[in-house]
Amino acid sequence: MRTSSPQETGAIAEMILRGIAKGEYYPTLALSGDLGAGKTTFTQAFAKALGIRKRILSPTFLIMKRFPIHHRKFKNMYHIDAYRVSSADLEKLGVREIFNGENIVLIEWADRVRDILPKTTTWIKFSHGTSENERKITIN
Ligand code: ADP
Ligand code: MG
């Protein structure tokens, strides 16, 4: 898919959230792509669609943050930024326990910690397009 604004990328996040609710996508979202490709923009729109009012920081400030949600299938949304951490670091934080089906988990720079992600992970790849605001988004 191609988007030409942060809003359009947000609309894709909303579409994927609806798909997760219907069981069409796994609730672990591995987000990959270069700096500025749109991973945090996607996560912000996703969180907003879940009713999370707290600000989603563009990471480096956080490794893992939990946001409780009111959803008929899921209890929390977790936002993980794996830019500066290893799989071992995340394991020490107890990350494996959160892949228990009760949570929606979004992981930026997920390709760096690929080995600790469940097999049932939805991979979403972000890349820059040819014009300034164009992004390419590929699911699985
Ligand atoms: P990442 O988390 O992948 O490093 P960010 O979401 O933090 O990327 O940054 C993306 C930047 O690109 C933001 O400043 C956003 O406003 C801008 N942008 C421009 N066009 C788009 C688009 N089509 N989709 C997403 N972000 C876009
Ligand atoms: Mg980011």
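## A walk through the chain

Let's start with one pair: Arg 2 stands opposite Lys 136 in strand 7. This is a predicted model, where local features need pLDDT of at least 70, side-chain atom pairs count only at pLDDT 80 or more, and totals for chains, interfaces and linings use all residues. Residues are numbered from 1 along each chain as its sequence is written, chains are lettered from A and ligands numbered from 1 in the order in which they are written, and side-chain values use heavy atoms, leaving out hydrogens and water.

That pair belongs to strand 1 (residues 2-3) and strand 7 (residues 135-139), which run antiparallel and are joined by 2 bridges. Two strands count as paired if DSSP finds at least two bridges between them. Strand 7 also has strand 6 (residues 122-128) as an antiparallel partner, this time with 5 bridges. Here Ile 124 stands opposite Ile 139. Strands 6 and 7 form a hairpin, with 6 residues between them.

Now zoom out. You'll find 4 helices and 7 strands, running β-α-β-α-β-β-α-α-β-β-β from the N terminus. Both are DSSP runs numbered from the N terminus: helices are H or I with at least four residues, strands are E with at least two.

How much of the chain is buried? Buried residues make up 48% of the 140, where buried means under 20% relative accessible area (1.4 Å probe, protein chains only). As for contacts (heavy atoms within 4.5 Å), take those between residues at least 6 apart in sequence: 61% of them join residues at least 24 apart. Finally, the C-alpha atoms fill a box of roughly 40 × 30 × 30 Å along the principal axes.

Notes:
Buried means under 20% relative accessible area, exposed over 50%, partly exposed in between (1.4 Å probe, protein chains only).
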